[in-house]
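Please go through the fold briefing below with the model open beside you.

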Amino acid sequence: MDIPDESWTVAPGDTEAVAESRRRAVAAARAWCPEALPDDTADAIRRVISELVTNAIRHAGGAGPILASVWRTPGGNLAVAVEDGSRVAPTPCDPYDDGTAGRGLAIVDAESITWTWRHAGAGKIVSATIGLPGSAATARRSGACAPVSDTAPPPTVNAVARQTAGRWLNAVLRLARWDLLATESRHRRVVAA
């Protein structure tokens, strides 16, 4: 069983909690990574921990403390977990919905090898696994031969395809927002004329 190597408590309503969680998670990954941590991996860690901590703050409703943890798995990946006092299951939203919120789990799904949740005591734990350079998951993605730990979480979907899909989705969303802003701007000019 994996034992968290770095844990911290997040106070509900703490506006600095998300930034502090990003800093701590990336610092831990840099300390455990046998190679230099690439910027895109550090960004993926920041996005995943941000989404998990933000969801816990928003949806736990102050029910109990929020505990964030990161650790290195036997397979060399980075595991991230956030425990809160709410038993409400995390529900992924349709990323093509017109709302401005609710895409956090789609981001977690796109940036991680795998993610899951389970009830724990009076609340729940949401966790994700991110591949680090030199890890078994990274070696499988690159085609390199590396020992794979039997206790490493298996990827549920090809991580490269998932990251590519996530980047594609982000690009499409940016273009859609740009097109919407351009359309609104043209509409305002026509109405004003």
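How many residues does helix 1 have, and what does it reach from its first C-alpha to its last? Helix 1 (residues 17–32) has 16 residues and reaches 22 Å, close to the 22 Å expected at 1.5 Å a residue. The expected span is 1.5 Å times one less than the number of residues. This is a predicted model, in which local features need pLDDT of at least 70, side-chain atom pairs count only at pLDDT 80 or more, and totals for chains, interfaces and linings use all residues. Residues are numbered from 1 along each chain as its sequence is written, and side-chain values use heavy atoms, with hydrogens and water left out.

**Helices**

- Helices (H or I, at least four residues) and strands (E, at least two) are DSSP runs, numbered from the N terminus.
- In helix 1, the buried residues are A17, V18, S21, A25, V26, A28 and A29. They lie on the same side of helix 1, because they cover an arc of only 160° around the axis. The arc is that of the directions from the helix axis to the C-beta atoms.
- Buried means under 20% relative accessible area, exposed over 50%, and partly exposed in between (1.4 Å probe, protein chains only).
- The cover over these buried residues includes strand 1, helix 2, strand 2 and strand 3. Contact means heavy atoms within 4.5 Å.
- Helix 2 (residues 39–59) lies across strand 1, strand 2, strand 3 (78–84) and strand 5 (123–130). Helix 2 runs at about 10° to strand 3.
- Axes are lines fitted to C-alpha atoms, for helices over the stretch in contact, and angles run from 0 to 180 degrees between N-to-C directions.

- Five strands form an open, antiparallel sheet in the order 1-2-3-5-4. The edge strands, each pairing on one side only, are strand 1 (6–10) and strand 4 (114–120). Neighbouring strands of this sheet are turned by 15° against each other on average, direction ignored.
- Two strands pair if DSSP finds at least two bridges between them.
- Strand 1 and strand 2 (residues 66–72) run antiparallel and are joined by five bridges. W8 stands opposite A68, and E6 has V70 as its bridge partner.
- Strand 2 and strand 3 pair in the antiparallel sense over six bridges. Here W71 has A79 as its bridge partner.
- Strand 2 is mostly covered, with five of its seven residues buried.

**Salt bridges**

- Side chains of opposite charge can pair when their charged atoms come close.
- A salt bridge is a side-chain nitrogen of Lys or Arg within 4 Å of a carboxyl oxygen of Asp or Glu. The count comes to five salt bridges.
- R46 and D43 meet at 2.8 Å, N to O. They are three residues apart in helix 2, which means about one helical turn. R46 is partly exposed at 29%, and D43 is partly exposed at 31%.
- R47 and E111 also form a salt bridge (2.8 Å, N to O). R47 lies in helix 2 and E111 in helix 3 (residues 104–111), so the pair ties together parts 64 residues apart in sequence. R47 is partly exposed at 34%, whereas E111 is buried at 11%.
- K124 and D84 form a salt bridge at 3.0 Å, N to O. K124 lies in strand 5 and D84 in strand 3, so this pair ties together parts 40 residues apart in sequence. K124 is buried at 5%, and D84 is buried at 6%.
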